[in-house]
Amino acid sequence: MTERRRKAGRKLRRREPQRDPYPRVLIVCEGARTEPRYFFALREYVRLIPRSIDIIGLGVDPATLVREAKRRQQQERRHEERYDEVFCVFDKDTHAYFNNASDQARDNGFKLVRSWPCFEYWLLLHFEYSRKPYEVTDKSESENCFAHLEQYMPDYSKSLGGLFEELF
């Protein structure tokens with residue numbers, strides 16, 4: 001039996017990584033269910049490492065959402081981690097401080113993903129090109145958009161599972 005010997009001068013240490021690590025991303029959503037579920041499914045579909053993308057659904061107004069995104073970013077820095085990008089996802093709806101929240105997000109270097117009047121408008125664009133302005137009638141702008149989406153997705157609800165897969 002031959003004995004394997006280490007060549008003289010050769011070190012037994014691990015090689016350097018061959019590829020760059022994935023950027024860390026934080027996505028903070030106004031909606032507590034619909035938007036996070038959509039982004040979770042998208043993350044799974046493109047096979048991204050869950051640790052590289054944190055998705056949080058808060059169910060709060062845009063100003064509170066931006067403050068929470070900032071708090072989480074600072075919390076990561078304290079743990080010597082960091083997010084390479086932070087996205088704030090919120091609707092126009094009837095939020096009084098929509099513009100202020102948008103300005104605060106920009107001031108903090110966050111990327112904005114805003115929808116007028118609501119996230120369902122983004123879903124509707126999977127079915128048709130539209131620049132239709134939704135106005136307040138006997139229903140809110142969001143309710144009118146929601147009703148339009150139901151023409152294509154009669155069973156749609158905020159808690160609908162498998163939304164990304166169905167749209168894809």
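Which residue follows helix 2 with a positive phi? The residue is E80, and its phi is near 60°. Helix here means a DSSP run of H or I with at least four residues, and strand a run of E with at least two, both numbered from the N terminus.

## Basis of the model

This is a predicted model, in which local features need pLDDT of at least 70, side-chain atom pairs count only at pLDDT 80 or more, and totals for chains, interfaces and linings use all residues. Residues are numbered from 1 along each chain as its sequence is written, and side-chain values use heavy atoms, with hydrogens and water left out.

Two strands count as paired if DSSP finds at least two bridges between them.

## Strand 1

Strand 1 is joined to strand 3 by 5 bridges, and the two run parallel. Strand 1 also pairs with strand 2 in the parallel sense, over 5 bridges. V25 stands opposite E85 in strand 3 and opposite I53 in strand 2. From strand 1 the chain crosses through helix 1 to strand 2, and this β-α-β crossover is right-handed. Right-handed means that, with the strands pointing away from the viewer, the path from the first strand over the helix to the second runs clockwise.

In a regular strand, side chains alternate between the two faces of the sheet. In strand 1, V25, I27 and C29 lie on one side, L26 and V28 lie on the other, and all are buried. Buried means under 20% relative accessible area, exposed over 50%, and partly exposed in between (1.4 Å probe, protein chains only). Because 5 of the 5 residues of strand 1 are buried, this strand is largely enclosed by the rest of the structure.

## Helix 1

Helix 1 covers residues 34-45, which is 12 residues, and reaches 17 Å from its first C-alpha to its last, close to the 16 Å expected at 1.5 Å a residue. The expected span is 1.5 Å times one less than the number of residues.

Contact means heavy atoms within 4.5 Å. Just after helix 1, R47 has a positive phi of about 55°.

## Helix 2

The 17 residues of helix 2 should span 24 Å at 1.5 Å a residue, and its end C-alpha atoms are 24 Å apart, which agrees.

Among the buried residues of helix 2 are L65, V66 and A69. The buried residues of this helix pack against strand 1, strand 3 and helix 3 (98-107).
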